[in-house]
Amino acid sequence: MIFDFSCLQISSLWERLLGAIGDAAGSVLGRVVEAIRTVFEGDPETRRKVSFSVAIIALSAKMAKADGIVTEAEVKAFQQIFDFPDEEARNVARLYNLARQDVAGYEAYATKLAGLCSSGASENCPMLENVIDGLFHIAKADGLVHEKELAFVARIAEIFRIDEVHFRRIMARHVHLDGADPYLVLGVSPEDDFADIRKQYRLLVSEHHPDRLIARGVPIALHAAANERMAALNAAYATIAKERRAA
């Protein structure tokens with residue numbers, strides 16, 4: 001699971017938050033942001049975590065709606081990356097269903113989420129990179145990443161201040177427009193010396209190791225995404241190493 005909501009331990013607050021939202025999808029963001037601001041005014045760390053979780057529920061729902069159809073596969077993909085206590089299933093489903101009624105407002109959710117980077121990075125925030133990974137997971141759940149879904153994720157990445165080169169590397173882990181490219185995944189070139197490729201691989205492994213994420217304060221809820229990324233990095237490096245040995 002990528003997003004573990006149970007770690008927030010706010011079950012008693014869900015009803016209070018959702019009670020302030022009402023049933024109008026268009027007003028969900030404004031009402032929930034105001035409720036979170038009021039309830040957690042003296043607890044900025046919990047407020048950040050709650051805001052992050054609410055925002056990712058909404059973005060996941062709107063991701064599924066980006067191509068105009070919310071499929072069962074996409075709903076299941078959301079359930080795979082967002083873990084929550086069984087007793088909170090009804091509340092999570094309520095917010096998810098409100099948010100997925102249309103795509104409107106997703107930029108506001110993404111902007112809210114962009115301010116929650118725990119590392120303080122102004123660009124290419126590791127935590128937000130996990131979010132992009134999760135959205136790609138949902139987008140490809142039905143076997144095809146629709147061009148509107150790709151545009152949706154690209155726009156969110158732009159709001160997250162993930163630069164174009166970095167975004168193409170993230171996308172390469174999920175979408176292979178011209179076939180899988182292990183060099184793009186690692187951010188290297190086929191012309192590079194293998195020693196330099198190995199150095200870049202080790203740097204990426206160090207940057208994205210779960211222990212490093214813990215030190216940066218990235219919520220444990222996002223560590224599964226980091227593990228998936230590590231698997232992609234390892235596979236890309238193994239492919240290049242095998243290719244170079246055969247050369």
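The chain has 13 helices and two strands. The model is a predicted one. Of the 247 residues in the chain, 46% are buried. Among contacts with a separation of 6 or more, 74% are between residues 24 or more positions apart.

**Exercise 1. How are α7 and α9 oriented to each other, and which residues make the contact?**

Solution. 
Step 1. Locate the helices: α7 spans residues 126–139 and α9 spans residues 164–172.
Step 2. Take the axes. They come within 10 Å and cross at roughly 45 degrees.
Step 3. Classify the angle. Angles under 35 degrees count as roughly parallel, and 65 to 115 as roughly perpendicular. The two helices are therefore oblique to each other. The crossing of α7 past α9 is right-handed.
Step 4. List the contact. From α7 come E129, I132, D133 and F136, and from α9 come H166, F167, I170 and M171.
Step 5. Sort these residues by class: five are nonpolar, one is polar and two are charged.

**Exercise 2. How are α7 and α8 oriented to each other, and which residues make the contact?**

Solution. 
Step 1. Helix α8 covers residues 147–159, and its axis comes within 10 Å of that of α7.
Step 2. The crossing angle is roughly 175 degrees. Angles over 145 degrees count as roughly antiparallel, and α7 and α8 are therefore roughly antiparallel.
Step 3. On the α7 side, the contact is made by I132, L135, F136 and A139; on the α8 side, by E149, L150, V153, I156 and A157.
Step 4. By class, this contact has eight nonpolar residues, no polar ones and one charged residue.

**Exercise 3. Is E129 buried or exposed, and which residues is E129 in contact with?**

Solution. 
Step 1. E129 belongs to helix α7.
Step 2. Its relative accessible area is 3%. Buried means under 20%, so E129 is buried.
Step 3. Leave aside neighbours within four places in sequence. E129 is then in contact with I162, H166, I170, R173, H208 and R229.
Step 4. With one of these, H166, the side chain of E129 forms a polar contact of 3.0 Å between side chains.

**Exercise 4. Which residues of α9 are buried, and what covers them?**

Solution. 
Step 1. The buried residues of α9 are H166, F167, R169, I170, M171 and A172.
Step 2. Their cover includes α7, α8, α10 (182–186) and α11.
Step 3. Look at the start of α9. There, a side-chain oxygen of D163 comes to within 3.2 Å of the backbone nitrogen of V165.

**Exercise 5. Where does H174 lie, and which side chain does the side chain of H174 make a polar contact with?**

Solution. 
Step 1. H174 is in the loop that runs between α9 and α10.
Step 2. The relative accessibility of H174 is 15%, so H174 counts as buried.
Step 3. The polar contact joins the side chain of H174 to the side chain of D133, at 2.6 Å.

**Exercise 6. How far apart are R198 and V188 in sequence and in space?**

Solution. 
Step 1. R198 is placed in helix α11, residues 194–208.
Step 2. In sequence, R198 and V188 are 10 residues apart.
Step 3. In space, the C-alpha to C-alpha distance of R198 and V188 is 9.9 Å.
Step 4. As for accessibility, R198 has a relative accessible area of 28%, so R198 is partly exposed.

How values were computed. Residues are numbered from 1 along each chain as its sequence is written. This is a predicted model: local features need pLDDT of at least 70, side-chain atom pairs count only at pLDDT 80 or more; totals for chains, interfaces and linings use all residues. Side-chain values use heavy atoms; hydrogens and water are left out. Axes are lines fitted to C-alpha atoms, for helices over the stretch in contact, and angles run from 0 to 180 degrees between N-to-C directions. Helices (H or I, at least four residues) and strands (E, at least two) are DSSP runs, numbered from the N terminus. A crossing is left-handed if the near helix is turned anticlockwise from the far one by less than a right angle, and right-handed if clockwise. Contact means heavy atoms within 4.5 Å. Ala, Val, Leu, Ile, Met, Phe, Trp, Tyr, Cys and Pro count as nonpolar, Asp, Glu, Lys and Arg as charged, and the others, Gly among them, as polar. Buried means under 20% relative accessible area, exposed over 50%, partly exposed in between (1.4 Å probe, protein chains only). A polar contact is a pair of N or O atoms within 3.5 Å; within protein, one must be able to donate a hydrogen and the other to accept it, and residues adjacent in sequence count only if both atoms are side-chain atoms.
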